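Please read the following points alongside the sequence and the model. They are meant for someone who has not seen this structure before.

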Amino acid sequence: MNFCFRFAIISDLHIALQHTIWDHPRRFHLVELSIAALELVLDRISHLDLDFLLLPGDLTQHGEPENHRWLANRLSQLPYPVYVIPGNHDIPHKWANETSSGQAEFPHYYEKFGYHLHQSDYTCELLPGVRLIGLDSNDFDEEGRQLGYGYLNDGQMEWLAEVLATTKEPLRFVTIHHNVIEHLPDQSNHCLGKRYMLKNSDRLISMLRDAGVHLIFTGHLHIQDIARSGDLYEITTGSLVSYPHPYRLVHVESQPSGKTRVKVQSDRITSLPDWPDLHEFSREWMGERSRPFMMRILTNSPCDLEEKEAEKWVGDLRYFWADIARGDSQFHFPEFPEKLRDYLERFSADSDLGANQAIFEF
């Protein structure tokens with residue numbers, strides 16, 4: 001079966017109506033521009049002949065009901081289908097409380113956007129021969145508190161196995177908030193990186209490979225990157241409300257050879273009416289607020305620097321995370337101690353697969 005379609009990805013919107021904005025001196029997210037940024041992207045893509053829009057989680061600031069309602073209403077006005085999944089910010093607690101919705105409520109907001117059975121996960125045929133599988137990777141302890149990593153429980157895995165066994169579309173792909181394939185060095189094991197990962201990713205990868213699935217779309221990490229494990233590709237999209245404020249366009253087309261070609265293009269927001277210097281402001285915002293994060297990287301394994309030693313180098317890393325978030329960055333630290341230099345330079349982008357623009361086949 002031949003297919004040719006194009007869709008957009010906007011991730012980690014963190015929608016926050018003005019009166020709901022939660023402020024914190026160390027937050028990376030410029031949630032105050034979330035609605036303006038979304039409106040600009042929707043305007044930019046309005047002239048494109050899109051088949052659908054994909055939102056891979058963190059739709060709202062902290063799962064506030066009114067922010068969910070605002071977004072669901074806005075999405076209902078679009079002329080093309082939209083498919084969403086929850087991120088960790090959308091369901092901060094398993095059960096609803098006075099400030100946020102719970103896991104049971106989330107599907108009700110998005111009945112028109114994938115969730116037709118009021119369960120955590122869903123699947124639907126997007127186009128003839130093309131199927132989407134949306135997975136909720138949030139997990140909670142017995143008190144309903146969110147755990148610090150992504151996880152698919154046995155029930156979800158059994159459901160997924162049945163879907164994979166009983167659907168036969170030539171192209172099936174998955175969207176899930178947490179990362180399945182590592183995008184950073186030793187991400188699954190690092191104390192700061194593993195919270196962005198799906199804890200049982202190996203099991204999911206095995207299932208998808210056995211079923212002939214080749215594409216995963218994620219968010220959560222707030223960086224632009226495409227990672228590969230064999231013939232399984234994971235495209236993670238940075239946050240609309242943090243530097244560099246990106247979004248993506250993806251064109252998928254079957255080839256005469258029988259292979260499928262995927263073309264990924266990226267764009268970003270550099271200014272808004274009330275933020276004419278957004279690009280520069282946002283980079284500085286991230287640079288300033290990433291200092292405690294960079295100190296933790298320097299003082300934890302594998303760097304293991306004493307705090308005094310870390311202070312010597314942290315200033316030179318002011319834009320390190322911003323450059324990772326931008327994607328396609330190469331790092332060189334010739335003046336750093338050898339062990340530290342070697343580790344940090346491992347964060348350089350894979351030159352064989354661009355983070356922002358890429359074409360690949362499977």
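Which helices do the buried residues of α7 pack against?

1. The buried residues of α7 pack against α8 (307-314), α9 (320-326) and α10 (338-345). In helix α7 (residues 291-299), the buried positions are Phe293, Met294, Met295, Ile297 and Leu298. Buried means under 20% relative accessible area, exposed over 50%, and partly exposed in between, with a 1.4 Å probe and protein chains only.

2. On the source: this is a predicted model, in which local features need pLDDT of at least 70 and side-chain atom pairs count only at pLDDT 80 or more, while totals for chains, interfaces and linings use all residues. Residues are numbered from 1 along each chain as its sequence is written, and side-chain values use heavy atoms, with hydrogens and water left out.

3. Six strands form an open sheet with mixed pairing, in the order β3-β2-β1-β10-β11-β12. The edges are β3 (82-84) and β12 (358-361), each with a single partner strand, so one side of each has no neighbour in the sheet. From one strand to the next, the twist averages 20 degrees. Helices (H or I, at least four residues) and strands (E, at least two) are DSSP runs, numbered from the N terminus; two strands pair if DSSP finds at least two bridges between them.

4. Strands β10 (residues 246-254) and β11 (residues 260-268) pair in the antiparallel sense over 9 bridges. Pro246 stands opposite Arg268 in β11. Helix α1 (residues 34-45) packs on the sheet and touches β1 (4-9), β2 (52-55), β10 and β11. The direction of α1 makes about 35 degrees with that of β10. Contact means heavy atoms within 4.5 Å; axes are lines fitted to C-alpha atoms, for helices over the stretch in contact, and angles run from 0 to 180 degrees between N-to-C directions.

5. Helices α1 and α2 (residues 65-75) pack at an angle of about 10 degrees, with their axes 13 Å apart. That makes α1 roughly parallel to α2 (angles under 35 degrees count as roughly parallel, over 145 as roughly antiparallel, 65 to 115 as roughly perpendicular and the rest as oblique). The contact is made by Ile35, Leu38, Glu39 and Leu42 of α1 with Trp70, Leu71 and Arg74 of α2.

6. Thr260 lies in strand β11. Its relative accessibility is 8%, so Thr260 counts as buried. Leaving aside residues up to four places away in sequence, Thr260 touches Phe3, Val252, Glu253, Ser254, Phe360, Glu361 and Phe362.
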